[in-house]
Amino acid sequence: MNFLANALGWVMRYVYDFVASIGPENENFSYLAITIIITTIIVKLLLLPLQLRSSKQMKKTQELQPQVKEIQIKYKHDPQAANMKIQQLYRENGASMTGGCLPLLIQFPIILAFFRVMRDPSLYVFHESGMYDNMLKTFFWIKDLTQADPYWYGLPLITAVMTYLQTLTTPKVGAQSQEQQSMSTMNYIMPIMIFWFALKYPGGLALYWTVSTMFTAVQSLISNRDLLFKKGE
């Protein structure tokens, strides 16, 4: 985790120096806020191949649903055998019902690393004595992005709403199995959890999550547009 935090801090410092060289700083939209946004986009671009692979697996899963239904009908009195046949079908065709969860799991270490960086930017990003203490840390109504947003209807609410909207851009494939029902429940629990975390933890972390979620939602809309159109038919 310390390695990830140092790597993230190195990227943020490079981005900060580049942004600071462009022009004067806006007192309501600091270089630090811009750095967090750009760094988030860089991280998402690095994870994009994995996201696209998950989308590809999701499309394969959708295509296999007629065969899945045939197996469920054929083995309706033997659920265990049906599950084994379905898993075999997925393996043979390179599909997976849980493939879409992998990018989310990979994001957790990054989120923890980002939390560590935002908790002590002077250690991981701005090493020069006094540099971090004297810089602006504002993001509109938030005066210091290393502190929690003082308003629940600010970034905490925006982050929770964006998290929920992202779930709407992810097509649901196949029948409502127990696993899928559990994932549907998480679609409602996750925004509540994110809202609570955003209330308690640095505003910079909430800003990261908001930008990250927006990026993922747009990417999902583009890469899964065929599945979304089929869903609406």
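1. The structure is a predicted model, in which local features need pLDDT of at least 70 and side-chain atom pairs count only at pLDDT 80 or more, whereas totals for chains, interfaces and linings use all residues. Residues are numbered from 1 along each chain as its sequence is written, and side-chain values use heavy atoms, with hydrogens and water left out.

2. The side chain of Asp17 meets that of Arg13 in a salt bridge, with 3.0 Å from N to O; the term stands for a side-chain nitrogen of Lys or Arg within 4 Å of a carboxyl oxygen of Asp or Glu. Both residues belong to helix H1 (residues 2-20), where they are 4 residues apart, about one turn of the helix. Helices (H or I, at least four residues) and strands (E, at least two) are DSSP runs, numbered from the N terminus.

3. Arg13, which is buried at a relative accessible area of 17%, also meets Glu128 in a salt bridge, here with 2.9 Å from N to O. Because Arg13 lies in helix H1 and Glu128 in the loop between helix H6 (121-124) and H7, this pair ties together parts that are 115 residues apart in sequence. Glu128 itself is partly exposed, with a relative accessibility of 40%.

4. Taken as a whole, the chain has 11 helices and 0 strands, and 40% of its 233 residues count as buried. The chain exposes about 13500 Å², of which carbon and sulfur atoms supply 63%; these accessible areas come from the Shrake-Rupley method with a 1.4 Å probe, and for residues only the protein chains shown count as cover.

5. In helix H3 (residues 65-74), the buried residues are Gln65, Val68 and Ile71. Seen down the axis of H3, they fall within an arc of 115°, so they line one face of the helix, the arc being that of the directions from the helix axis to the C-beta atoms. Glu70, Ile73 and Lys74 are exposed on the other side of H3. Helix H2 (31-63) and helix H4 (79-93) are included in what covers the buried residues.

6. Helix H8 (residues 155-168) likewise deserves a look, since its buried residues, Leu155, Pro156, Thr159, Ala160, Met162, Thr163 and Thr167, cover an arc of only 165° around the axis, which puts them on the same side of H8. Leu157, also in H8, is partly exposed at 33% relative accessible area. The C-alpha atoms of Leu157 and Ala206 are separated by 9.9 Å, although these residues are 49 residues apart along the chain.

7. Phe140 lies in the loop between helix H7 (131-134) and H8, is partly exposed at 43% relative accessible area, and has a positive phi of about 55° although it is not a glycine. In general, most residues other than glycine have a negative phi.

How values were computed
Buried < 20%, exposed > 50% of the residue type's maximum accessible area, 1.4 Å probe, protein only. Contact = heavy atoms within 4.5 Å.
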